[in-house]
Amino acid sequence: MSASPLDPKQHAHPRFARSLTGVLATYPRLALLCGVLVMAFALSGLARLQADFSYAGYFHESDGWLQDFDRFEDTFGNDDSIIIAVQNPEGLFNPESIALLHALTDEMWQLPEVIRVDSLTNYQRAFAQGDDILVEPLIAPSEELSADFLTDRKEIALSHETLPGYLVSPDGTMALLFGTLRPSGETAPDAAEVVAAARDLIARAEERGQDHTFHLVGAPMLVASFAEIAEADNAKIIPMLLLACVLIIYAVLRSVWCVVYAMVVILTSALGVLGLAGWLGVQMTSITTVLPQIMIGVAVADCLHILVTYRLAQKDQPDRKQAALYALTKNVKPTLITTVTTAIGFISFSVSDIKTIAELGLAASAGVVLAWLLSYLLLGPLLLLLPFGGARAGEPMRIAPERTKTLVRWLAAYRKPILAGFAALVLVGSFAGSQVKIDADPVAYFTEGHPLRNGVEAIDTGVGSARNIEIMIEAGCADCAKDPDFLRRVDTLEQWIEARPDVVQVLSIVDFLKASRRALNDGDENEYRLADTQSVIAQELLFYTMGLPLGLSVDNRISTQSDALRLTVMWRVSSSSQALQEIALIEEEAARLGLDATVTGKYALYQRQESYVVGSFLSSVGIALLLISGLLWVAFRSFKLAAIALLPNMTPLLIGGLGLWLLQENLNVGTVLVVSITLGIAIDDTVHILSEFQRLKRAGLSPRQAFEGVFAETGVALCATTLVLMVAFGVSIFASFAPYQVFGILAAAVLFVALVVDLTVLPALLLPKDEGREEAKPAASGHWAETAVASSTAAKPSS
């Protein structure tokens, strides 16, 4: 006698699913112990977790630009400076302001890690006085600050070739003090310690100079601010997210105990991924700090699919263990496939040239697997062992059968308009995405009102710029940097750079040599030039350096072997795309002059990382689509279903590009994550829908009945998980890291549209043209219970 179409054996779950849940049913305590051990291993990695919010966190050790900077640092020391801006709208050349600058200069020397301080007052100028040639501070501490003296010093400072745009504003109302940090060596300077001490210094200065405004900027401030906003954002966002998870899960399941079960998995997954990051050597940066948010969303998805099925199953089967076994069995295949596809989406980041994105992908992919393991090794045993969360709990959220029938009928009737609408979305999204530019400004990563951003903007308006790049020019041999021909070509390059529209000032040893020659020639302005012979240049350099006080030598401008020079370019360029263009032009001009020049510096590194964005985006998306396509083909054993599954998952690409275009945002190291992350997550909905559709079709149901079944049970879980994921990413709008605000908005929008597309485009593709007129076959009643019993025959449930 042949089996009927609805015989449980005809639509039983895959053998591996029944085997897994059979083991869980037989050995729930052992499974729970395994889950605890997995959790303990993951959490133990927290002790190994480290953070790096500096430029080094974005570059692989083998990166050529990073190696160029290391060579620069070995030659000239650190280019890191903690910068204090002092502003007085009435002007700084008065006794109170100058005394304040003297005090700040002296106290900055005492800051931790600071090995040099350059300020308006201690700037060493070479000048002629009678028959004497002097190298002295512009305003020595011993000077009497009379009105005539200060007027004279103001005139000298504001007409100087180097000082305006470097240590003082052209109008004399703002001054900058640069505290240079020690070279990195084996350990980098502690930016947080430096910034904390500098803030204390400014707090004391504010008490003395109440008419003055102070700003703190510089690379250490940038690093410390990245760390501070990451900590502050997580402290603010994670509790909000967890509260939202509790409320949404309870609203769907109406069971306090089921919420508790889910939160166990969610919390351990969120902490566990950080532990795995520690084991994998992944460092916390402004990018990788999003890991807990990602894991909360992923863990909620796994838990909700199991728990929604469990709570709905209790309507027909009040036996808690049988309902749990059915829920676990039914969700093995779809959750496992979505785990692998999501992990693939993340692991595709590992080829990124941006180190922190590669590490995010590595840790997140491991975390996704961890979340699935905990869903079955913690949540599964808890449902089977604990006598809580049974059928007595409140009625779970469900979709009425009449509504599912109406929805499927409507989808069948409007197949063509739905597909036409999706085609229009493809066209519009493709056009919008092609208009998005690749650009960023590290300072603009901070929201308006942040102290660092305020300081940089104030300095841009006052002195001219707090941004700089470094140029190392190698002469080729010892003492060759003193060669007149070489120095003239450097001088030509310097003048060419100074003529660029956004350049404020260029600092080099050439300026000191010219000033020394002028001083040696009784201050004759016509002698402000380079000497004609190498021996004279060497004498002028010796003359200048002999007059310098300890700590203010020129070894930060010319190498100890005199085989290389350093140019520091202060400019207003904030856009990474413009910075890359200007750097290319500088390198081109240097090559034309026959100079071996390397443009580097930490600010240049931050800007140059944006050139990796497109490569990271294309490689991660391409690899993810290729691997996911192959996996879906194997999982569904149908090329047609695999192709259909990928089609609606163009949504992240389309909505991501459209959203960036509408918001007038750029593609950068923060926003590039939108498409890459949501691609792996958005396909989860598709997999759950097609897995259930395929299972119900094999059970003998018509396409319409299959989709009615999908919407009635799986649809609840999909809507709930999408809502949680939207919240998980959407709360980033409250972040202080500006790219995450855009990331949160777009990720939430992508996931919402992806769900809508899955619930409309998939049925429109799979429902036949005459489905709207098809006579419905009688639906199976309570077949889940028969399947649960059948799947449990692999092992006898433990008492």
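With a relative accessibility of 4%, T568 counts as buried, because burial is set at under 20%. The model in which this residue sits is a predicted one, and T568 belongs to strand β11, which spans residues 564-571. The side chain of T568 makes a polar contact of 2.8 Å with the side chain of R557.

**The chain as a whole**

The chain holds 26 helices and twelve strands, and its C-alpha atoms fill a box of roughly 120 × 50 × 45 Å along the principal axes. Of its 799 residues, 58% count as buried, while the accessible surface comes to about 31400 Å², with carbon and sulfur atoms supplying 58% of that area. Among contacts between residues at least 6 apart in sequence, 81% join residues that are at least 24 apart. The chain carries 57 positive and 84 negative charges, and the mean positions of these two sets lie 20 Å apart.

Which strand has eight of its eight residues buried? It is β6, and because eight of its eight residues are buried, this strand is largely enclosed by the rest of the structure. In a regular strand the side chains alternate between the two faces of the sheet. For β6 both faces are covered, with M174, L176, F178 and T180 buried on one side and A175, L177, G179 and L181 buried on the other.

**Helix α14 and its cover**

Helix α14 covers residues 451-461, and its buried residues are L452, R453, G455, V456, A458 and I459. An α-helix has 3.6 residues a turn, so residues three or four places apart point the same way. The cover over the buried residues of α14 includes the strands β2 (81-87), β6 (174-181), β7 (213-218) and β9 (467-474), together with the helix α7 (219-253).

| Residue | Element | Relative accessibility |
|---|---|---|
| T568 | β11 (residues 564-571) | 4% |
| S516 | α16 (residues 509-520) | 0% |
| V757 | α25 (residues 738-766) | 6% |

S516 counts as buried because its relative accessibility is 0%, and, not counting residues up to four places away in sequence, S516 touches A126, E540, F543 and Y544. V757 is likewise buried, with a relative accessible area of 6%, and under that exclusion of residues up to four places away V757 touches F422, P648, T651 and L762. What separates the C-alpha atoms of V757 and L647? The separation is 9.8 Å, although these two residues are 110 residues apart along the chain.

Definitions and conventions
Residues numbered from 1 in each chain as written. Predicted model: local features only at pLDDT ≥ 70, side-chain atom pairs only at ≥ 80, totals over all residues. Heavy atoms only, no water. Helix = DSSP H or I, 4+ residues; strand = E, 2+ residues; numbered from the N terminus. Buried < 20%, exposed > 50% of the residue type's maximum accessible area, 1.4 Å probe, protein only. Contact = heavy atoms within 4.5 Å. Areas by Shrake-Rupley, 256 points an atom, 1.4 Å probe, with all protein chains shown as cover. Lys, Arg positive; Asp, Glu negative; His and termini not counted. Charge placed at Lys NZ, Arg CZ, Asp CG, Glu CD. Polar contact = N/O pair within 3.5 Å; in protein donor to acceptor, adjacent residues only side chain to side chain.
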